[in-house]
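Hi everyone, thanks for coming. Let me put the structure up, and then we'll walk through two spots in it.

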Amino acid sequence: MRADRPRLSPGGAAALLGELFGVAADDARDLGSERDQAFLVFSCGSPVAVLKVSNPAEDPEVLDMESAAARHVHHVDPGLGVALPWTVPGRPDTYRAEWSEGACWVRAYDVLAGTGRVSATTLDDRALRAWGSTSARLGRALRGFTHPKAHRTMPWDVQHTARARDLLGHIPDDAERAAVERVVDRFEEVVAPAWPRLRTQVVHGDLTVDNALTAADGTVSGIVDFGDMSHATLLTDLAPLLESLVCGRTGEEMFRAARLVLDGYEQVTPLEPEEVDLLAEVWAARSALTIAISEWRVAQGLEDPVFARRYNAPAAATIAGLEAVGWDGARRRLGGRRVEAPTAGLARRRDAVFGPATEPLSYDEPLHVASAEGVWITDVAGRRYLDCYNNVPCVGHAHPRVTAAISRQARRINTHTRYLSEPAVELAERLVASCPPGLDTVLFVNSGSEANDLAWRLARAATGRDGVLCTDFAYHGLTEAVAAVSPEAWLDGRGPDHVETWTPPDPYRGTALGEESFAAALERLRARGHEPAAVYLDPLLTSDGVVDLDPAHVRALHRRAKAAGALWIADEVQAGHGRTGEALWAFSRFGIEPDFVTLGKPMGNGHPVAAVITRSDLVRATVGRTVIFSTFGGNPVSAAAALAVLDVIDDERVLDRVRHTGETLRAALRALADRHPAIGDVRGAGLAVGVEIVHPGGTRPDRATAVAVRDGLRGRGVLVGTTARAGNVLKIRPPLAFTDREVPVLVDALDAALAEQTGR
Ligand SMILES: Cc1ncc(COP(=O)(O)O)c(C=O)c1O
């Protein structure tokens, strides 16, 4: 940076082009350059070449690297418009010629169309996005490029921000000096430790309005300088891009413009979360370097002060703009991690906007979540919880296959099933293939409620009837039609006239009411003038207390339902997707063929997607009477998520794991029951487990202890729920990523929580 620029005159440049590259020229214009000299060379008034006279201190191999990089980028992405170097006449593969008088290397480049040094404030939104895309395309084109000389230290690379500390003394303005120092402090504290983790490659390092030509619409028409390239992080590329393009914009407009640039960039190259989180600091760091290096150069007498300082005022304004909203505020404005509001305040805000009818938060002290992976949830304070409650993230929280499938498809296209695209069709085919042969039709919706609602509509249309049966503490959903078959949600204890409930067997208490209760419910329904159209059954009776139904018993009920002309709706919203470990669908354990299978919760591992699988003859009843369409139902992103879930279930042999872990877990819980008489029963299938909490010495449900134990488990870092009408059954229903390793964590915590409550 100290070496003097070469001192060639424009006339000398024109002559040199002829001398070294064999093209006659008669005039040249100095384009201005920090360390080198660059001339636009003319012949008879027309530009014929750009001549670059390198700093005498420049390593010739670095110049060769720049030429090779330009040609590489042109080869990979010709549309980028890179200025290509000329070969020296008679010397193929040689792109530099020696100007012996100046002891410098000289290169000639094609002249590209466009305007140089455009003012960034004139760029419109479209141009800002396009600049972002161009930068990312340039980075992408360089990904496969490597060169030993790329491993060099570029003073303008933000990774060297700490060096600005040594230059502080050269900054005459007190406020600017203090601002640069604060940015350096922040950089060292936050960015430097993260730097070794960031993605690196050979990057251009300086795509700015000074180093590119623009078309009339403000988009990049030519990339003319690889002089700052090095092997560095993607942020090394982004910092000068943001600094240059947002230069001159202040306040919220500064962030809006930056977001547009980033949109363009991420359209080509999505950033990693950590990269996004550091954007504000590296942007500020680049501005700090601009001030520090230019003042140092002025102090050394290397550059004209006015020219050298031309970006210092906007750079200081950028730092001020970032500091004005605070680093957290800047990070959020650039799409990074949000700082969660304090828990109590957030809970109040939630209540205020969600209203009084929404389900309250779990636990007196709400769980304020930050992230999750597999079977572990981390809260905002960094505390980890073993998740034994959430069945939705069935293959594990944030499973990489599912999150990748979602983001890849979202980046490709997301529309609806009125247009043809592969994912929904493939998903439907896979679901049909997973069911008994008659179930040949799939209708996509967005939630378990919608799936059950649609099944009900179809059942009514197919049978022409309006009666329905469900278990006496079932839950099948939210819509008016399915809230009617959700006694768990009948807070006044009464259901509509067309609904009847039956009481499932309770093997623990020795009551086998099931079949008679079912028959009696059918009779009551008919007596009220409602012939049964459908029977809903959650095969695991999750809301009724997690009951392990006897297959023979269910077959008997199914026969009765069929004899009564009712259709059977297997609600697999809870029990499906491998929860029992025996098969993908829990109804298969009963040996029955339902008329409808409804899917939801785990289907997209948390992404909303749901479906009804049924028979084409049942759907036919609605043809011509109505159309079945859900805007989001089966959209390509949801379908991609659901396909990924099915793939993971296969690839990770999830069913085997669930069977094995479920048995291990129940055995361990039963062993615990020997020491804790408050545990009346341990039951369930696969990874759906019910632990019935009773008053010791009998079978009387003990809701208070169950709730206290649930809360005690939370205090010990384990999440479970409670269920059943009496509210006394611990509902253990972890993501299916739960393994033997987690069993003792749960069981030991339960042991301690029970001991705390019962004194044993
Ligand atoms: C068995 C069963 N069916 C249906 C639903 C409704 O699903 P969603 O809340 O996705 O609408 C639920 C929800 O808890 C459920 O447990």
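I'll start with a pair of helices and then move on to a sheet.

Quick housekeeping: this is a predicted model, so to speak of local features we need pLDDT of at least 70, side-chain atom pairs count only at pLDDT 80 or more, and totals for chains, interfaces and linings use all residues. Residues are numbered from 1 along each chain as its sequence is written, and side-chain values use heavy atoms, with hydrogens and water left out.

Okay, helices. Helices (H or I, at least four residues) and strands (E, at least two) are DSSP runs, numbered from the N terminus. Look at α6, residues 234-246, and α9, residues 279-300: their axes come within 8 Å and cross at roughly 70°. Axes here are lines fitted to C-alpha atoms, for helices over the stretch in contact, and angles run from 0 to 180 degrees between N-to-C directions.

Who touches whom? Contact means heavy atoms within 4.5 Å. On the α6 side we have, among them, Leu235, Leu238 and Val246, and they meet α9 residues including Val282 and Trp283.

Now the sheet. It's open, with four strands in the order β21-β22-β25-β24 and antiparallel pairing. β21 (679-685) and β24 (721-723) stand at the edges with a single partner strand each, so one side of each has no neighbour in the sheet. From one strand to the next, the twist averages 30°.

Strands count as paired if DSSP finds at least two bridges between them; β21 and β22 (residues 688-693) have six, in the antiparallel sense. For example, Arg683 has Gly690 in β22 as its bridge partner.
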